[in-house]
Amino acid sequence: MTIGHALVAFTAAAGLLTITPGLDTALVLRTAAIEGSRRAMLAGAGICLGCLTWGLAASVGLGGLLGVSRFAYDALRLLGACYLIFLGAKLFCRDRPALGEFDQSESRQATAASSSDSGSRWFARGLLTNILNPKVGVFYVTFLPQFVPSDVNVTSFGMLLAGIHATEGILWFAALTLATRPLSSWLRRPRVAKTLDRATGVVLVGFGLELVFDSRR
């Protein structure tokens, strides 16, 4: 496989995987609809940094630990499951203000956020969601080598592929964020926002439970 062919093949395959509905898409879409574009992109940036981290780990061989160590995989799997279940339950149980209180509450929150919120919480949320998912690590360990030609530096080329995947992720998250803008006022209504919170909470808890009961590597 030539370098050009490997890059084209990986870009196409990773692109299809990126737009496939999953945990990352649900998290960014919900954040864009309820919390706003900036916070959604910060969460997306955290997710993409997680991809780069896993790509580096797989490229230098650290990610292979998940393929040979049952203890390492199970420890990360259960830690990630606990985080996802906690985050999902928090969203599901989140209370929204009544309609008469909503506008004033949102206005106060927006003012406070613009002056003091660095956005680190949303960035960390995206990063931890990705880093604590061992399936992402296993994916990189098994997927990246298929697109690495034999005559290249494995670490450098692996990071290039991870960078392509992260770039595709950022572009996808930006498209999702832009798609919510025309509906932003409707999406932020208390009843709609609460429904989205609960739906996303169920998705996150579902992924967490899947990790709990999935003992396969």
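**Working through the model**

A: To begin, histidine 5 lies in helix H1; helices here are DSSP runs of H or I with at least four residues, numbered from the N terminus. The model is predicted, so local features need pLDDT of at least 70 and side-chain atom pairs count only at pLDDT 80 or more, while totals for chains, interfaces and linings use all residues. Residues are numbered from 1 along each chain as its sequence is written, and side-chain values use heavy atoms, with hydrogens and water left out.

Q: How accessible is histidine 5?

A: Histidine 5 is partly exposed, at 48% relative accessibility. Buried means under 20% relative accessible area, exposed over 50%, and partly exposed in between, with a 1.4 Å probe and protein chains only.

Q: How far is histidine 5 from proline 149 in space?

A: Their C-alpha atoms are 9.4 Å apart, although 144 residues separate the two in sequence.

Q: How many aromatic pairs are there?

A: The search of the whole structure finds one. Rings of Phe, Tyr and Trp (its six-membered ring) pair if their centres lie within 6.5 Å; planes under 30 degrees apart count as stacked, over 60 as edge-to-face and the rest as tilted. The rings of phenylalanine 10 and phenylalanine 147 have centres 5.5 Å apart and planes at 75°, so this pair is edge-to-face.

Q: Where in the chain are the two partners?

A: Phenylalanine 10 is in helix H1 and phenylalanine 147 in the loop between H8 and H9, 137 residues apart.

Q: Buried or exposed, phenylalanine 10 and phenylalanine 147?

A: Phenylalanine 10 is buried at 1% relative accessibility, and phenylalanine 147 is buried at 10%.

Q: Changing topic, how many disulfides are there?

A: The count is zero, where a disulfide is a pair of cysteine sulfur atoms within 2.5 Å. The sulfur of cysteine 48 has its closest cysteine sulfur in cysteine 51, 5.7 Å away, which is too far for a bond.

Q: What is the relative accessible area of cysteine 48 and of cysteine 51?

A: Cysteine 48 has 6% and is buried; cysteine 51 has 8% and is also buried.

Q: Which residues of H11 are buried?

A: Among them are Pro190, Asp197, Gly201 and Leu211.

How values were computed
Helices (H or I, at least four residues) and strands (E, at least two) are DSSP runs, numbered from the N terminus.
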